[in-house]
Amino acid sequence: MGLLTLLRKLKRSDKEARLLILGLDNSGKTSCLRKLADEDISQTTPTQGFNIKTVMSSGFKLNVWDIGGQKAIRPYWQNYFESTDGLVYVIDSSDQKRLQETSVELNQLLEEEKLSGVPIMVLANKQDLLNALSAKQIAEELGLHSIRDRTWQIQACSAKTGEGLQQGMEWLVNTLG
Amino acid sequence: MLSFIRNLFSSKNEKKETPVTVMFIGLDNAGKTTMLSTIQGETDTNTTPTIGFDKKRVVHGKYNITYFDLGGSKGFRGIWDRYYGSIHGAIFVVDSADENRLEEAKQALFESVRHPKFTGKSLLILANKQDKKESIPAHEIAQKLELDKLKSLVHRYNILPCSAIQAQNKPQDPQIKKGVTWLSESIDEQFESLNKRIEKDMRDEAEQAKLEREEKRRIVAERKAKEEELAKAEEEKKLKEQSAAQSPE
């Protein structure tokens with residue numbers, strides 16, 4: 001191992017990042033966060049305010065902020081934008097009716113000055129449901145290809161089974177690191 | 001004096017690198033992301049499969065190259081064509097050690113170059129993973145991919161054998177640099193016309209994206225109005241029922 005890689009690895013261990021989880025109500029933000037923290041998700045109720053959890057991923061200390069997604073409280077999202085290192089945007093892949101709504105919200109986030117250049121991990125959640133759209137279909141529907149000012153990634157996942165969540169976080173950590 | 005200052009400024013302008021956009025294509029696990037980090041001069045090759053988009057800017061001689069890196073998995077390739085409009089050229093990375101997937105690679109390659117927004121641009125093919133024992137030499141890859149059929153489809157094409165994974169403490173495979181130089185020179189040959197073409201395509205795409213966004217916003221607003229109307233009607237109905245119950249006939 002070269003000295004540089006060694007130094008980089010050492011430096012990595014005390015790295016910290018602030019992540020923001022956003023998305024429509026009922027997309028599964030809190031469940032994703034709880035699953036990542038190895039907690040029970042069966043008792044999850046709609047988030048009125050926000051949850052913060054510290055999750056370790058590949059030696060990274062992630063301070064994750066999960067903000068309620070109901071329409072009435074979406075205007076408060078902007079209070080959490082400051083010094084965000086990465087954005088996790090959660091989508092209910094089984095709710096085709098609300099894809100346009102979530103797309104409009106995402107586009108608004110992309111125009112936020114405080115979030116400019118912030119990498120985005122789109123979690124195509126609820127893949128355990130039969131009628132869930134694939135990550136590729138979601139990418140098309142959301143028009144993700146028009147995001148050119150930052151790096152983004154879409155990950156199919158299920159907060160219920162935990163599938164895909166870890167990969168999503170690993171990518172974010174790799175990108176930030 | 002004035003002309004001196006002017007000269008100073010113009011020479012400064014001349015020094016500025018020419019911006020060029022190049023896109024990586026190729027099957028999943030071909031090594032596109034690793035190739036990009038190697039071009040950037042990084043040794044960290046622990047990449048996860050890309051299912052998204054990344055861009056990196058690297059200065060190469062007089063060119064300032066923006067590289068687009070996109071996922072190559074089967075389900076994701078459909079999104080590539082959304083980027084063709086804005087690129088000057090492309091780098092197709094192929095895993096030389098994976099003979100079973102060369103046919104699939106060929107199909108993906110030709111689907112790309114046949115796209116109207118791609119045809120006529122320059123293409124560098126990097127026969128990657130030559131460090132592996134079972135790798136096939138570049139000229140054989142060229143035959144298997146039927147690269148001679150590219151002649152009528154692209155401005156120029158070239159294939160080079162290389163290995164993106166460099167042994168630690170060894171210098172980067174010179175073939176990669178050679179390839180990038182070749183590609184930027186081919187792009188330079190048709191730079192003016194390419195730029196015009198890209199400008200037009202990007203304008204059209206931006207227009208299209210704007211329309212799509214507006215349409216979505218309209219649908220969401222319409223739905224919201226409908227829901228509010230329904231809620232209001234419901235409310236009124238309730239009030240009416242209440243007042244009917246309260247006032248005796």
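Cys32(A) takes part in no disulfide, and the nearest cysteine sulfur, that of Cys157(A), lies 4.6 Å away. Cys32(A) is buried, its relative accessible area being 1%. In chain B, Cys162(B) likewise counts as buried, at 1% relative accessibility.

**Confidence of the model**

The model described here is predicted. The mean pLDDT of chain B is 88, and 90% of its residues score at least 70. Among the elements of chain B, strand E4 (residues 89-95) has the highest mean pLDDT, 97, whereas helix H1 (residues 2-15) has the lowest, 53. Where pLDDT is low, the predicted coordinates should not be read in detail.

**Architecture of chain B**

Seven helices and six strands make up the elements of chain B. Read from the N terminus, their order is α-β-α-β-β-α-β-α-β-α-β-α-α. Of the 249 residues in this chain, 43% count as buried.

Among the contacts in chain B with a separation of 6 or more, 76% are between residues 24 or more positions apart. Chain B exposes about 14600 Å², of which carbon and sulfur atoms supply 51%.

**Helix H6 of chain B**

Helix H6(B) comprises the 16 residues 174-189. At 1.5 Å a residue it should span 22 Å, and its end C-alpha atoms are 23 Å apart, which agrees. At the N-terminal end, Asp173(B) caps the helix: one of its side-chain oxygens lies 3.0 Å from the backbone nitrogen of Gln175(B).

The buried residues of H6(B) are Ile176(B), Gly179(B), Val180(B), Trp182(B), Leu183(B), Ser184(B), Ser186(B) and Ile187(B).

**Helix H3 of chain A**

Helix H3(A), residues 99-110, has twelve residues. From its first C-alpha to its last it reaches 16 Å, close to the 16 Å expected at 1.5 Å a residue. Ten of the twelve residues are buried, so H3(A) is largely enclosed by the rest of the structure. Among the buried residues are Leu99(A), Val104(A), Leu106(A), Leu109(A) and Leu110(A), as well as Glu101(A), Glu105(A) and Asn107(A).

Within chain A, the buried residues of H3(A) pack against strand E1 (16-23), strand E4 (86-92), strand E5 (120-125) and helix H4 (135-142). They also pack against helix H7 (191-246) of chain B.

Note on methods: Residues are numbered from 1 along each chain as its sequence is written. Chains are lettered from A and ligands numbered from 1 in the order in which they are written. This is a predicted model: local features need pLDDT of at least 70, side-chain atom pairs count only at pLDDT 80 or more; totals for chains, interfaces and linings use all residues. Side-chain values use heavy atoms; hydrogens and water are left out. Helices (H or I, at least four residues) and strands (E, at least two) are DSSP runs, numbered from the N terminus. Buried means under 20% relative accessible area, exposed over 50%, partly exposed in between (1.4 Å probe, protein chains only). Contact means heavy atoms within 4.5 Å. Accessible areas come from the Shrake-Rupley method with a 1.4 Å probe; for residues, only the protein chains shown count as cover. The expected span of a helix is 1.5 Å times one less than its number of residues. A polar contact is a pair of N or O atoms within 3.5 Å; within protein, one must be able to donate a hydrogen and the other to accept it, and residues adjacent in sequence count only if both atoms are side-chain atoms. pLDDT is the predictor's confidence in each residue, from 0 to 100. A disulfide is a pair of cysteine sulfur atoms within 2.5 Å.
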